[in-house]
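Here is my note on the model you asked me to look over. Please read it with the structure open beside you.

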Amino acid sequence: MEHTTQSVNSAMENYGIKNATIHWNLTPEKLTEICVDNGLGKLAGSGALAVNTGEFTGRSPKDRFIVKDDITKDKVWWGTINIPFDSTKFDNLYNKVVAHLSGKEIYARDVYACADDRYRMNIRMITELPWSNLFTYNMFLRPTEDELKNFKPEWTIIQAPSFMAVASEDGTRQHNFAILNFTRKIALIGGTGYTGEVKKGIFSALNFILPVFKETLPMHCSANVGKNGETAIFFGLSGTGKTTLSADPNRKLIGDDEHGWTKDNIIFNFEGGCYAKAIDLSEENEPDIFRAIKSGALLENIVFKEGTNEVDFSNVSITQNTRVSYPIDHIDNIQVPSLAGNPKNIFFLTADAFGVLPPISRLLPNQAAYHFISGYTAKVAGTEAGVNEPQPSFSACFGAPFMPLHPAEYAEMLSKKMKDSNVNVWLINTGWTGGPYGVGTRMKLKYTRAMINAALNGDLGPYCYEDYHIHSVFGVAQPRKCPGVPTEVLSPRSTWNDDKAYYTMAFKLSNAFRENFDKFEAFTNEEIRRGGPQRFTF
């Protein structure tokens, strides 16, 4: 439902935005046209709109705040991840932002989050950039025309990329900010055009609301469902393959990033679209994602091949975090509506740049809880300034920057659900084999897919010595055989051809696990603590 452009709009005045020209719920085609006509983006050969998000090409975790008020003060796990913000400072900053938007041409859209109607959150997005509005259309669930007629927003997102905060006056760290206010139900974003701040703002809000008030576990995961009705969910940090591996032509996609697990065992998608990494994207390796990049899709910070409008997916001259957003129906094989029953298999994805974790291993419940709290992956050389060799990276619950509660609270919920559901939990290493980054090679995607398919099909056998080898450092059970995968690939030690070097690196990583877990020791029980790897003194 596309409203006519209005010079004065009472809905906007309710937010303190005055004398603005408002574009309501424009179609993707119209938003794309506006961007191209005004030099805000270019059309790729596929028909997708390509834009540059400006100064910020990724989230800024140190500039993410939560207003400390009566709702949050005793529940949020305050610290370096959840940084408190004064409510009076918020009100003053809010007034500055809406004054900044007043008199401008702005774009509004009504959408909602949560595919399970019992948890539906109506959202109004207000932004000064037409392509931010397109991103909102792509990523959230889209009301019908009848629903739009009487739409009442519960939360509001206000994004003003051109507004620059003054840290000394406004209480921010620098000129950009993303602030959640649970009392006023507002996500306030300024100084950054990076669209990921929009979706992760609402994800963070739901990560507080659902467990505290709805007895529902929020999860940073992708999910799909097989023809037999069995659901699989994939936890993982950026770059581990969450979106890629859940896009399976033989299974229906529920969603690629954010889901809830209800008390009556329904898995539901928070979103209405996908936000995939575009680096090194190819039709051969990721056909579903590649083909989804068409008219209506939004490419961020990509580079065209010289003299053409063909995307050079290998070019990272702007950022390694090149992205594409698109509505979930750009994928052919999707679950409608975006929800399904209890999961049968859970996969924890990690890109181990040390090359020591097995490509697939089965976890006991206490190991699953330990690895969930740890949320391990690795940074490789060259991804950040000063990173010259692989570095372990831990993000609790595979999404610490978006988790307002203590990680142990989410882990306890997940652990109980896993036990009650008798779910199989697997640790998948999509990283390196045959040595660390710079020596070994990246695990072949076809092998990872074969291992996941074997787990989903029940081809890896029961948890017993005949079928599994227990890793001597991490204690996880690695299958001895897997259809479609060479036997030697299943044993990381065998791929190194140097036992001493392998175990030296394995213990280096296990010690990093233990050191990271030290801060969670007091919040977990002995059973979970025993789920971790050995600690070794060199």
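This is a predicted model: local features need pLDDT of at least 70, side-chain atom pairs count only at pLDDT 80 or more; totals for chains, interfaces and linings use all residues.

The points below go through sheets, helix pairs and a few backbone details in turn.

1. **The five-stranded sheet.** Five strands make up an open sheet with mixed pairing. Their order is β2-β3-β17-β18-β16. The edges belong to β2 (42-43) and β16 (273-277). Each of these edge strands has a single partner, so one side of each lacks a neighbour in the sheet.

2. β17 covers residues 298-300 and β18 covers residues 323-327. The two run antiparallel and are joined by three bridges.

3. The bond between V336 and P337 is cis, with omega about -10 degrees. P337 sits in the loop that links β18 to β19 (339-340).

4. **Strand β7 and its neighbours.** Which strand pairs with β7 in the antiparallel sense, and over how many bridges? The partner is β6, and the pairing takes in seven bridges. On the other hand, β8 (residues 155-160) runs parallel to β7, with five bridges between them.

5. **Burial of β7.** Is β7 mostly covered or mostly open? It is mostly covered: seven of its seven residues are buried. M121, I123, M125 and T127 point one way from the strand. N122, R124 and I126 point the other way. Residues on both sides are buried, R124 included.

6. A115 lies between β6 (105-113) and β7 (121-127). Its relative accessibility is 13%, under the 20% cut-off, so A115 counts as buried. What does A115 touch, leaving aside its neighbours within four places in sequence? A115 is in contact with L141, F268, N269, S338 and L339. S132 is 17 residues away from A115 along the chain, and the C-alpha atoms of the two are 22 Å apart.

7. **Helices α2 and α4.** Two packed helices are described by the angle between their axes and the distance between the axes. For α2 (residues 28-37) and α4 (residues 130-139), the angle is about 155 degrees and the axes are 9 Å apart. That angle is over 145, so α2 is roughly antiparallel to α4. Their crossing is left-handed. From α2, the residues P28, L31, T32, I34 and C35 take part. They meet P130, W131, N133, L134 and Y137 of α4. The contact has eight nonpolar residues, two polar and no charged.

8. **Helices α10 and α11.** α10 (residues 365-374) packs on α11 (residues 407-421) at about 150 degrees, with the axes 10 Å apart. The pair is therefore roughly antiparallel. This crossing is right-handed. P365, A368, A369, F372 and I373 of α10 meet Y410, A411, L414, S415, M418 and K419 of α11. These contact residues divide into nine nonpolar, one polar and one charged. An α-helix has 3.6 residues a turn, so residues three or four places apart point the same way.

9. G375 follows the helix and has a positive phi, near 60 degrees.

10. E215 is not a glycine, yet its phi is positive, about 55 degrees. E215 lies in the loop between α7 (196-213) and β11 (217-225). N497 is another residue other than glycine with a positive phi, near 60 degrees. N497 belongs to the loop between α13 (492-496) and α14 (499-517). Is N497 buried or exposed? Its relative accessible area is 72%, over the 50% cut-off, so N497 is exposed.

Methods:
Residues are numbered from 1 along each chain as its sequence is written. Side-chain values use heavy atoms; hydrogens and water are left out. Two strands pair if DSSP finds at least two bridges between them. Helices (H or I, at least four residues) and strands (E, at least two) are DSSP runs, numbered from the N terminus. Axes are lines fitted to C-alpha atoms, for helices over the stretch in contact, and angles run from 0 to 180 degrees between N-to-C directions. Angles under 35 degrees count as roughly parallel, over 145 as roughly antiparallel, 65 to 115 as roughly perpendicular and the rest as oblique. A crossing is left-handed if the near helix is turned anticlockwise from the far one by less than a right angle, and right-handed if clockwise. Contact means heavy atoms within 4.5 Å. Ala, Val, Leu, Ile, Met, Phe, Trp, Tyr, Cys and Pro count as nonpolar, Asp, Glu, Lys and Arg as charged, and the others, Gly among them, as polar. Buried means under 20% relative accessible area, exposed over 50%, partly exposed in between (1.4 Å probe, protein chains only).
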